[in-house]
Amino acid sequence: LTIPRSKYSASFQLRKGQILGVTGVSGVGKTSMLRALSLLDGRDAPITLHHQSPSTYNGGAITKWRQMVTWVSQHAPRQLSGSPMDFHQQVLQFRRITPQPAMDQFVSTASQWGLDVSILQRPWSTLSGGEAARASLASAVTLAGDVMLLDEPTVSCDRHTEQLIEETLQKLSLRG
């Protein structure tokens with residue numbers, strides 16, 4: 001993978017349940033690499049998942065890829081309209097997932113990280129950076145496909161919440 005807008009490249013393979021952390025100084029291209037892996041910046045990178053490139057998924061290559069690869073930005077999505085509950089419901093409909101169990105899991109995960117339902121029902125624009133980051137990540141965790149790409153997901157969280165989130169992600173990786 002040649003990282004867009006960077007002089008660096010990366011190559012790695014992961015097995016189900018493995019976690020890979022990427023570190024580097026600001027501006028080195030960590031976010032650009034995650035965006036490339038998510039196909040947010042086009043399809044030029046030589047990427048495979050389950051030994052298939054995005055173009056090999058019949059018909060809806062990008063749609064299928066995005067169902068398998070979940071990306072969470074380091075920037076909380078406070079510019080979205082509606083609430084985190086609205087957003088999660090829309091993604092459930094898009095992915096054709098049975099709403100109630102997935103919504104219950106979303107609320108439960110968010111609750112473990114200190115967000116009650118009333119916060120999840122507020123507009124994104126009224127949430128603090130930490131609340132929006134936790135809501136976004138809780139949605140991603142409950143909808144995760146085969147790969148989760150997390151770009152500094154706890155940057156707006158306090159140390160205690162960061163530990164809770166890391167514990168949840170460890171448990172998720174152990175389930176594979």
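Predicted model: local features only at pLDDT ≥ 70, side-chain atom pairs only at ≥ 80, totals over all residues.
Visitor: Which residue pairs with Phe87 through its ring?

Guide: For ring pairs, look at the distance between the centres and then at the angle between the planes. Here the partner of Phe87 is Trp124: the ring centres are 6.1 Å apart and the planes stand at 80 degrees, so the pair is edge-to-face. A search of the whole structure turns up one aromatic pair, and this pair links distant parts of the chain. Phe87 belongs to helix H3 (residues 84–95), while Trp124 sits in the loop between helix H5 (117–120) and helix H6 (129–143), 37 residues apart.

Visitor: And Trp124, is that one buried or exposed?

Guide: Trp124 counts as buried, with a relative accessibility of 1%.

Visitor: Let me step back to the fold. How many helices and strands does the protein chain have?

Guide: Start by counting the elements, then read their order. The protein chain has seven helices and two strands. Read from the N terminus, the order is α-α-β-α-α-α-α-β-α.

Visitor: What does the radius of gyration tell me about the protein chain?

Guide: The idea is to compare the value with what a compact globule of that length would have. For 176 residues that would be near 16 Å, and the protein chain has 16 Å, so the two agree. As for its extent, the C-alpha trace spans about 45 × 40 × 30 Å along the principal axes.

Visitor: How can I read the contacts and the surface of the protein chain?

Guide: For contacts, look at how far apart the partners are in sequence. Among contacts with a separation of 6 or more, 62% are between residues 24 or more positions apart. For the surface, the protein chain exposes about 10,400 Å², with 49% of that supplied by carbon and sulfur atoms. Of the 176 residues, 38% count as buried.

Visitor: Where do the charges sit on average?

Guide: You can compare the mean position of each kind. The protein chain has 17 positive and 13 negative charges, and their mean positions are 7 Å apart.

Visitor: Where is Thr154 found?

Guide: Thr154 is in the loop between strand S2 (147–150) and helix H7 (159–175). With a relative accessible area of 15%, Thr154 is buried. Beyond its neighbours within four places in sequence, Thr154 is in contact with Glu162 and Ile165. The C-alpha atoms of Ile165 and Thr154 are separated by 7.8 Å, with the two residues 11 apart along the chain.

Note on methods:
Residues numbered from 1 in each chain as written. Heavy atoms only, no water. Helix = DSSP H or I, 4+ residues; strand = E, 2+ residues; numbered from the N terminus. Rg over C-alpha atoms; globule rule 2.2 N^0.38 Å. Buried < 20%, exposed > 50% of the residue type's maximum accessible area, 1.4 Å probe, protein only. Contact = heavy atoms within 4.5 Å. Areas by Shrake-Rupley, 256 points an atom, 1.4 Å probe, with all protein chains shown as cover. Lys, Arg positive; Asp, Glu negative; His and termini not counted. Charge placed at Lys NZ, Arg CZ, Asp CG, Glu CD. Phe/Tyr/Trp six-rings, centres within 6.5 Å; stacked < 30°, edge-to-face > 60°.
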